[in-house]
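Q: How do I read a protein model, feature by feature? Please show me the structure, and let us start with a single residue.

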Amino acid sequence: MAYAQPAHKSSNHHDGWSALADPTRRAIFELIAERPRPVGEVADHLPVSRPAVSQHLKVLKEAGLVVDRAVGNRRIYRVNPDGVGAMRAYLDRFWNHALAAFKVAAEQRAQEVE
């Protein structure tokens, strides 16, 4: 069975960050990151209703962070590695830039001390 792709693919990593800014969505995402789950099982772990979980999952799906597939009359959600990969790539670019800037600053400081 194939998982459905997000309703509209997100080309903007900021959508993922915005989606995860909400603490309930983060908790939902973390549950799904452990293993694929249906809406009802996610709702069983949180103090929110199934319809609320469904709305949060819709936001996560639109942000490209989760995908779903039909199994009977249920939808099973799992993490979308492409969406998470885009966010990681963004952080990697930032981290690499920060490390390069730190290296330059450290080398300048070392030259000043000498």
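A: Start with K61. This is a predicted model. Buried means under 20% relative accessible area. K61 has 17% relative accessibility, so K61 counts as buried.

Q: Where is K61 found, and which side chain does the side chain of K61 make a polar contact with?

A: K61 is found in helix 4. Its side chain makes a polar contact with the side chain of D68, at 2.7 Å.

Q: Is R75 buried, partly exposed or exposed?

A: Check the value against the cut-offs. Buried is under 20%, exposed is over 50%, and partly exposed lies in between. R75 has a relative accessible area of 35%, so R75 is partly exposed.

Q: How far apart are R75 and P36, in sequence and in space?

A: They are 39 residues apart in sequence. In space, C-alpha to C-alpha, they are 10.0 Å apart.

Q: Now R37. Where is R37 found, and is R37 buried or exposed?

A: R37 is found in strand 1, residues 37–38. Its relative accessibility is 3%, under the 20% cut-off, so R37 counts as buried.

Q: What does the side chain of R37 reach, and which residues is R37 in contact with?

A: The R37 side chain reaches the backbone oxygen of L31, at 2.8 Å. Set aside neighbours within four places in sequence. R37 is then in contact with L31, I32, V42, H45, R75, I76 and Y77. Note R75 in that list.

Q: Let me try L20. Which residues does L20 touch?

A: L20 is found in helix 1, residues 13–20. Its relative accessible area is 15%, so L20 is buried. Not counting residues up to four places away in sequence, L20 touches R25, R26, F29, L60, L65 and M87. Also, L20 and V59 are 39 residues apart in sequence, yet 9.4 Å apart in space, C-alpha to C-alpha.

Q: How do I describe two packed helices?

A: Use the angle between their axes and the distance between the axes. Take helix 2 (residues 23–34) and helix 4 (residues 50–62). Their axes come within 10 Å and cross at roughly 80°. Angles of 65 to 115 degrees count as roughly perpendicular. Helix 2 and helix 4 are therefore roughly perpendicular to each other.

Q: Which residues meet between helix 2 and helix 4?

A: From helix 2, they are T24, R25, I28, F29 and I32. They meet V53, H56, L57, V59 and L60 in helix 4. By class, this contact has seven nonpolar, two polar and one charged residues.

Q: What span should helix 5 have?

A: Count 1.5 Å a residue. Helix 5 has 33 residues, 81–113, and should span 48 Å. Its end C-alpha atoms are 46 Å apart, which agrees. At the start of helix 5, a side-chain oxygen of N80 reaches to within 3.1 Å of the backbone nitrogen of D82.

Q: How many helices and strands does the protein chain have?

A: The chain has five helices and three strands. Along the sequence, the pattern is α-α-β-α-α-β-β-α.

Q: What percentage of the residues count as buried?

A: Of the 114 residues, 32% count as buried. Residues 24 or more positions apart account for 62% of them.

Note on methods. Residues are numbered from 1 along each chain as its sequence is written. This is a predicted model: local features need pLDDT of at least 70, side-chain atom pairs count only at pLDDT 80 or more; totals for chains, interfaces and linings use all residues. Side-chain values use heavy atoms; hydrogens and water are left out. Helices (H or I, at least four residues) and strands (E, at least two) are DSSP runs, numbered from the N terminus. The expected span of a helix is 1.5 Å times one less than its number of residues. A polar contact is a pair of N or O atoms within 3.5 Å; within protein, one must be able to donate a hydrogen and the other to accept it, and residues adjacent in sequence count only if both atoms are side-chain atoms. Axes are lines fitted to C-alpha atoms, for helices over the stretch in contact, and angles run from 0 to 180 degrees between N-to-C directions. Angles under 35 degrees count as roughly parallel, over 145 as roughly antiparallel, 65 to 115 as roughly perpendicular and the rest as oblique. Contact means heavy atoms within 4.5 Å. Ala, Val, Leu, Ile, Met, Phe, Trp, Tyr, Cys and Pro count as nonpolar, Asp, Glu, Lys and Arg as charged, and the others, Gly among them, as polar. Buried means under 20% relative accessible area, exposed over 50%, partly exposed in between (1.4 Å probe, protein chains only).
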